[in-house]
Amino acid sequence: MALGKILLGAVAAAAAYGLILVEFPDQVSTYAPQIIPRQLSPLIPPPLPKARPEKTAFWLDQNWRLEDRLWAHHASQGTKTFPIPYSWFVALEQPYIWLIGQPELLSDSAYLARMGFVPSPRTGASEAELRANGFGKTDAPQPPAIAPSTTLAWRPAENPDRLPVGFARLQGAPDPMTGALGPDSDFVGLTCAACHTGHVDYKGVTLRVDGGPAMVDLGKFQSVLVLSLVYTLKAPGRFERFAERVLGAGASEAQKAELKRKLGDRIAAIIAVGTKIGEIERAAGQKYTDEGLGRLDALNRIGNQVFFWDMAQAKLGDHAGNYHTTDAPVRFPQLWNVSWFLWAEYDGSIEHPLIRNAGEALGVQSPVDLADGAESKNLFRSNVVFENLFWIEDLLRGPNPFASSAKPAFGGLAAPKWPSALFPGDAAWKVDPQKVSRGRVVYAELCASCHLGPVDDPDFDKAFPQQQFWTSKHWVALGGAREKFLALPQIPVGEIGTDPAQANVLLARMVEMPEALGIDLQRDFNQRRGCAAAIPAVESRRIPFAYALMEVVDRVLQKWMDDERISPADRAAILGVRKNCPNPAPGKPFYRARPLNGIWAAAPFLHNGSVPSLYWLLRPAAERPRQFCLGASDYDPKAVGFAARNNGKLGCAVGETLFSTFDAEGKPISGNSNGGHSFDNAGPKPGVIGRGLSEEERYDLIEYLKTL
């Protein structure tokens with residue numbers, strides 16, 4: 001009798017435990033992960049924030065036409081970011097166990113929004129659907145169309161399944177190595193809009209910002225995608241529904257069996273990739289840094305894809321030494337005006353914008369042929385959709401700001417203005433003119449020497465004529481003075497004192513380059529392109545990652561132009577006046593300082609997203625919160641950024657990402673330092689860039705920064 005009660009109690013406890021895991025997976029993963037059995041832990045989806053109640057949404061006016069916006073949100077770069085066909089992706093279900101009914105689809109906009117992705121309407125959406133997605137009236141005045149720099153036509157971009165901004169369908173893409181269309185040649189991948197479209201949430205209102213830093217968590221999304229595949233294969237009833245969506249209701253048993261085999265093979269391949277990464281990291285003693293919400297170690301990821309995975313696919317040998325863990329994550333940078341910066345990236349490492357953009361496309365898995373040797377006609381053939389990259393760059397850039405005799409001004413994608421008009425009854429969004437006036441003086445004293453004068457403030461230009469933006473000495477003319485570009489101030493890491501990890505990636509990382517690729521740095525940089533900074537002789541095949549990436553991407557671009565027989569006029573427009581050459585600055589790590597227009601929409605701050613708001617950025621570095629949470633809290637219009645609840649000590653809400661400068665043992669985390677760029681009275685010393693501010697001065701400066 002007693003044994004029976006014990007068994008009955010055990011069964012009841014197990015049932016209750018299972019019910020809790022089924023009904024509250026996010027809460028269990030957040031608050032009590034230790035109760036999940038070790039065997040089940042890999043099968044529990046990562047915790048996600050609750051879906052936000054959204055009263056209304058607004059896409060802010062940034063000088064883009066509705067047509068251009070919708071196209072840019074879904075224009076393919078030629079990427080196959082996710083290792084499954086498009087038909088599989090839209091057929092997968094969310095990785096949860098439902099006791100009644102069936103799970104929603106993985107591609108559901110509301111679900112993906114919990115990982116930070118911005119919802120988007122389907123192609124051909126009605127006026128009502130466009131309004132519901134924040135686009136306003138379609139008959140509102142539209143800015144003029146951007147004149148393209150080439151005769152290349154953009155490829156249509158459709159979104160029939162209402163995937164979020166930044167998800168793009170790649171149809172009919174041949175295998176670059178064979179030139180053949182495989183049985184599954186319809187894929188889904190990310191485009192630049194996935195990582196460079198921001199949003200701000202405040203009391204049920206969502207403000208959407210083109211070119212702003214995304215608040216997405218790609219790590220969680222990758223975990224969810226893999227679990228969705230596993231659940232599809234193993235959970236009862238799931239494969240049958242999946243097969244019907246992919247194959248249609250009339251599919252034969254043989255077709256279903258083949259689909260199931262492919263699904264199992266794909267899962268096995270993904271697991272093998274994860275196992276391989278773990279082995280390499282353990283052997284090299286590397287420890288990854290969690291990227292979390294709104295951050296990505298883009299440079300190391302690109303290097304791993306091109307110089308490890310693509311080389312493995314090309315059977316160029318096991319270049320395990322070319323792999324480096326993700327330990328230098330950065331906040332996604334804002335894109336407005338970047339086309340007129342002489343150097344791209346936080347560390348000013350790339351001059352030519354298309355080299356940067358095509359490198360990003362390769363990094364998010366646009367396939368490339370590295371297999372056939374230096375003399376092969378297919379070497380460096382890729383799926384990169386250069387036509388779309390050119391158009392995206394044109395939309396960002398706009399016309400030459402110095403082309404007319406009128407006052408210079410940026411066209412293209414504009415920085416978003418502080419949206420106080422959208423919150424007329426909320427004092428937190430109202431701008432105080434007196435504070436702005438006082439803050440302008442503080443800006444001239446402490447900010448303008450690095451970030452330059454404001455882009456568009458006539459009152460500043462009148463009061464401080466020597467610091468005007470458009471007459472700055474940092475504008476340099478190229479191409480026989482046809483165009484000017486902004487050579488942003490470059491501040492050595494030793495002076496600015498911010499985290500050095502990202503600046504060291506392209507400076508210190510080395511990769512092994514197989515001889516079959518035919519790359520000779522001195523010939524390619526010094527002779528073929530005539531770079532001002534001569535590349536020294538390299539005796540081994542192990543070369544700097546920065547040079548290797550620049551040269552591979554250059555070859556991919558040249559290969560595409562040759563194969564497509566691009567005209568001389570279009571080649572000249574494509575290449576422009578900037579060269580694919582390394583930065584001639586001294587060989588030490590540095591970061592560039594950019595103009596601060598639109599900075600209110602770029603939280604969290606510093607290049608690695610380690611400071612939650614402008615308020616904390618303007619406090620002495622030693623006083624900044626070492627931990628804070630992202631993902632569920634509202635934007636703070638007073639501090640301009642996100643709240644740091646009790647310095648992060650209260651813990652995060654369900655599904656939030658904890659940013660921390662230190663690990664469980666109290667040791668610093670690589671890439672996560674929040675030091676440097678400090679305003680305090682402890683200087684002069686490295687990391688201190690200005691005197692301490694009073695609380696009144698601090699809020700005056702914040703008020704002024706809102707207006708830029």
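Start by selecting H324 and Q286: their side chains make a polar contact with each other, at 3.5 Å. Keep in mind that you're looking at a predicted model.

Stay on H324 for a moment. This residue sits in the loop that links α11 (298–313) and β7 (330–331). Now show what touches H324: apart from neighbours within four places in sequence, you'll find Q286, N300, N304 and R509. Next, click on I277. Along the sequence I277 and H324 are 47 residues apart, yet in space their C-alpha atoms are 9.3 Å apart.

Next stop, a sheet. Select β1, β5 and β4, and you'll have an open sheet of three strands, in the order β1-β5-β4, with mixed pairing. The edges belong to β1 (56–59) and β4 (197–202); each has a single partner strand, so one side of each has no neighbour in the sheet. Going from one strand to the next, the twist averages 20°. Zoom in on β4 and β5 (residues 205–210): they run antiparallel and are joined by six bridges. Pick T197 and look across to β5, where D210 stands opposite.

Last stop: residues 695–706, which form helix α23. From first C-alpha to last, its 12 residues reach 17 Å, close to the 16 Å expected at 1.5 Å a residue. How many of these residues are buried? Nine of the 12, so α23 is largely enclosed by the rest of the structure. Among the buried ones are R698, Y699 and D700.

Notes:
Residues are numbered from 1 along each chain as its sequence is written. This is a predicted model: local features need pLDDT of at least 70, side-chain atom pairs count only at pLDDT 80 or more; totals for chains, interfaces and linings use all residues. Side-chain values use heavy atoms; hydrogens and water are left out. Helices (H or I, at least four residues) and strands (E, at least two) are DSSP runs, numbered from the N terminus. The expected span of a helix is 1.5 Å times one less than its number of residues. Buried means under 20% relative accessible area, exposed over 50%, partly exposed in between (1.4 Å probe, protein chains only). Contact means heavy atoms within 4.5 Å. A polar contact is a pair of N or O atoms within 3.5 Å; within protein, one must be able to donate a hydrogen and the other to accept it, and residues adjacent in sequence count only if both atoms are side-chain atoms. Two strands pair if DSSP finds at least two bridges between them. Axes are lines fitted to C-alpha atoms, for helices over the stretch in contact, and angles run from 0 to 180 degrees between N-to-C directions.
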